[in-house]
Amino acid sequence: AAAPRWRLPGDFERKRAVLLPTTDLLSSHPGLFAELVGQLDRYVHVMLATETQSVCRVVDRVLDAEGVPKDVVPTCLDARHQTMWMRDYGPLVTLDRRRPGRPLFVDAYYGDSPSLDDDVPMRLAKALHRRHYTVALLLEGGNLLSNGVGLLVTTRQLVERNVAEGLSEQRVLARLRRTFGAGRVAVLEPLSGEPTGHVDMFAAFAAPDVVLVGSFTPEQDPDNSALLDRNAAQLRRQRLPDGRPLRVVRIPMGNNIDGVWRSYTNVLFANGLLLVPTYRKAKPAVQRRALATWRATLPRWRVSGVDVSRLAPMGGTLHCISSSLPRTP
């Protein structure tokens, strides 16, 4: 069969830019915002979704106050938004195999969320003079991972939300495959008790043939320990286009006894830099093991921990607050 026209790149692939929100992140987490911009700037162009040009002046003041060098100047784009969960409502950018230099901004429905957030892909496509395509699916970007060569990974949350809207499961999966040029979709179990139901809370691709999957000890969380083992087993059964199996690397999950979900897969890739969330209340040995797992998996990358202790109780961390534009020829 002919290769599909479209392709959703993996998070680990080369990027033209990383997109960050300003609403909430800039005002409530200025130190984290400045750290992200300062670290990312050395590896990738940083673009900011903003309300107005006056927000850009606030950005300049915050970066200056936090000691970020003055030559770090992110680009401000007119993309009004109401929340900081850019991964979920931002564009899913697919590449056209026939015309590689013309990416397509895919815009899914963002449910009952504020309309300003739902309009961000369209606003960004307009600001960047890119094509825009709306797909009739309820889809949050944090619940869709791609290995870049035809495998998508999501959880049952995505399927069930769309079935509740009147689509059959078969149609949901067919629409995902067609829109993102995938040969197959692996539907995993979402973490039990974790409010988002998103796959990026426990999994991340590091390469087309390597996926990291979280791991709880039975003493930490018996239900989710068994659940993540089942998810890992399902991914081991997946095959790459050349017939090889997917390699599954297990990475520890932080404790969640206080209701905060501490994931080490909710990461931000940026052209050789990997930002990994860290937590003040995590067990130091677990955190060291998680960072060591990433360094062993990506030995040529700079792996840097970023303290997200104030952000995590809100339901997400680094992957959740960022989106990206793939590099095109």
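View 1. Asn224, Ser225, Leu227, Leu228, Asn231, Ala232 and Leu235 of helix 9 are buried (under 20% relative accessible area, with exposed meaning over 50% and partly exposed in between, for a 1.4 Å probe and protein chains only). This is a predicted model, in which local features need pLDDT of at least 70 and side-chain atom pairs count only at pLDDT 80 or more, while totals for chains, interfaces and linings use all residues. Residues are numbered from 1 along each chain as its sequence is written, and side-chain values use heavy atoms, with hydrogens and water left out. Exposed Pro222 and Asp223 are on the face turned away from the buried side. The cover over the buried residues includes strand 9 (151-155), strand 10 (184-188), strand 12 (210-215) and strand 13 (247-252). Helices (H or I, at least four residues) and strands (E, at least two) are DSSP runs, numbered from the N terminus.

**View 2. An open sheet of three strands, in the order 14-15-16.** Pairing in this sheet is mixed; two strands pair if DSSP finds at least two bridges between them. Strand 14 (268-270) and strand 16 (302-307) stand at the edges with a single partner strand each, so one side of each has no neighbour in the sheet. From one strand to the next, the twist averages 25 degrees. Strand 14 and strand 15 (residues 273-278) run antiparallel and are joined by three bridges. Leucine 268 has leucine 275 in strand 15 as its bridge partner.

**View 3. Helix 10 (residues 284-297) on the sheet.** Helix 10 lies across strand 14, strand 15 and strand 16, at about 165 degrees to strand 15. Axes are lines fitted to C-alpha atoms, for helices over the stretch in contact, and angles run from 0 to 180 degrees between N-to-C directions.

**View 4. Aspartate 209, in the loop between strand 11 (203-207) and strand 12.** Aspartate 209 counts as partly exposed, at 24% relative accessibility. Its C-alpha atom is separated by 7.0 Å from that of leucine 240, 31 residues apart along the chain. Leaving aside neighbours within four places in sequence, aspartate 209 is in contact (heavy atoms within 4.5 Å) with Leu240, Arg244, Leu246 and Arg247.
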